[in-house]
Amino acid sequence: MFIVLLRGHHFFVLAVSFFLMTAVQAESFVISVDVKGAPEGKNETLLSGLSIVQQQTSTRLSARRIHSLHEQAADELSQILAVYGYYNVKVTSEIKQNGDKWLASYQLNLGDPVKIEKVTVTTDGEAFQDEVFQTLLRDFPLKKGDVFNHESYESAKKSLLRLAAERGYFDGELTEHKVEVNLVKNSADINLSYHSGARYIFSSIVFPNTIVSKDLLSRLTPIKPGDSYSASNVLKLRSNLSNSGYFKSVSVTTLIDERRDGEVKLAITLEPEAKYRYSAGLGYGTDSGARAPLSWENRYVNKRGHRLNADAKLSQIGNSLSMTYQMPFWSPKISDVGFNAEYKNKDTDSSQSRAFALGSYYKTDRWGWNETGGIKLLNESFDVSQDDNTSVLLIPSIAWSRIWADNTIYTRQGGRLSLSLSGASESVISDTTFAQILVRGKYIHSITKNSRFITRGSLGATEVTDFKKLPSSLRFFAGGDSSIRGFDFESLGPKGDDGEVNGGRYLAVGSVEYEQMLIGNWGVAVFSDFGNAMDSLHDPIEYSAGIGLRWRSPIGLIRFDVAKGLSDTGSSIGFHLVIGPDL
């Protein structure tokens, strides 16, 4: 009995020793794999599909196993390449061993790829009369003469089925999907037949009871009962509800499994926002100094979705208080109508003013632009240079603006453009007659991954019968962070007899800037600003140049600039700090 145990013990020791030696040997194998002659861009795909690559780090490798994996690699390469249309591939393989290092190499002779000879795509059912569906069939992604690619073929089938689902053909199916490959001719014939059945329509939309009326919710929907189903309209409905500002979360789901009698329902879930919203902030700009915006909003004064906003903007150069009563979704063409009141005081080195305004406005989208029209009664007391007056003006205005950008916080490609027109007439309540136009723009273009070219400009013109009665808020000044850096805020423009800046009838300001990010979120910029506020287009132009430091902080881009006015040899160096988004 003792001898049996001893023999068992020795057997156990020998088995463990053999296992450890095998494991150590397996772990010491180093396998390199090389594939030559692969189609462009497919080398990594071929390597990742080989078992000999997938098992490079396996602890179960042995010399026999490596040879077995090497032998099956040729078939694996042929199968993968067939997916990309190469059915006549010849693989020359070789494997070498140098100690514990192995090199497996494969030379590919691709031969001619299989090309599409014929593509036949047919459909019946209501999709046959659907122009959008027929457009896809006319421009089907598989074309005669293309290399036959299984991935492209599957993608084309999915595009057909995806469009069918987006257009409401929920009972549709591919009744035929067949590819005939002729290896002698290196050709492929594709046959697809789609039976769409009937296109479903929207049933009556039932909104849940929520904070606003169902009449208002119905204005937000682009869908009417009986309309043909369209996934884009479902997305638009979800977007309208989400962007309305009334709801914290929005869910709009098509109940495809519950469809019947040619109709499909939408399940809508709405979680309301809190009725009141409060916000406060802190900021700093060289022009304004420290500033603190405060805001309060009643998101829904009533079931019709009316809103009430109160805002305060406090800064070292002036304060403002405003209140707005907003009636959104006024009509299908006018998105908002509102009334507002505002008190504003401003005290800078060039002017002092106190203004109170009452007005009304509307907002809408027109030709892809945001349009805002309005009228306000302005009472402004102002002291600028030698002009010390109080003016009352009834000012109608209209403005168009547009922003396009990949990211409005830190923009790599995009811009903004705005045009505003305003005026007043002495024949209607006003103390003077004037007409004014103002165009502003900014464009940002990425030159490389870490560099941007930034340009901006402003052009304005005013015709007025009595300039002395034109409030300082309607006159043009230049200089400052967003105008001509290197000069103080609103320090440029025509001067009165007392030598103080008086404001101008015209404005022409521009800037060019190159920004280069260097390390992480830190970068530098060089720039030149130019222009002036003028009474005549022949007045002199001021210009400056400078350098800046940039930091893409969590709260937005922080810009610190140092600039020198080059047109005024007596000007000092200006420092400018601005925090905020690009657009």
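Modeller: Happy to! Let's begin with Glu 297, which is buried, its relative accessible area being 9%. Buried means under 20% relative accessible area, exposed over 50%, and partly exposed in between, with a 1.4 Å probe and protein chains only. Please keep in mind that this is a predicted model, in which local features need pLDDT of at least 70 and side-chain atom pairs count only at pLDDT 80 or more, while totals for chains, interfaces and linings use all residues. Residues are numbered from 1 along each chain as its sequence is written, and side-chain values use heavy atoms, with hydrogens and water left out.

The partner of Glu 297 is Arg 277, and the closest N and O atoms of this salt bridge are 2.9 Å apart. Because Glu 297 belongs to strand β13 (residues 289–298) and Arg 277 to strand β11 (residues 276–280), the pair ties together parts that are 20 residues apart in sequence. Arg 277 has 28% relative accessibility, so this residue counts as partly exposed. Strands are DSSP runs of E with at least two residues, and helices are runs of H or I with at least four, numbered from the N terminus. For a salt bridge I ask for a side-chain nitrogen of Lys or Arg within 4 Å of a carboxyl oxygen of Asp or Glu, and by this rule the count comes to 29.

Now to a pair in loops. Asp 535 and Arg 505 form a salt bridge whose closest N and O atoms are 3.4 Å apart. Asp 535 sits in the loop between β24 and β25, and Arg 505 in the loop between β22 (451–464) and β23, so this bridge ties together parts 30 residues apart in sequence. Both ends count as partly exposed: Asp 535 has 31% relative accessibility, and Arg 505 has 25%.

Finally, look at Arg 559 and Asp 582, with 3.1 Å between the closest N and O atoms of their salt bridge. Arg 559 is in strand β26 (residues 556–565) and Asp 582 in the segment after β27, so the two tie together parts that are 23 residues apart in sequence. Arg 559 and Asp 582 are both buried. This pair also belongs to one network, joined by salt bridges that share partners; its members are Arg 452, Arg 456, Arg 485, Glu 513, Glu 515, Asp 529, Arg 550, Arg 559, Asp 561 and Asp 582.
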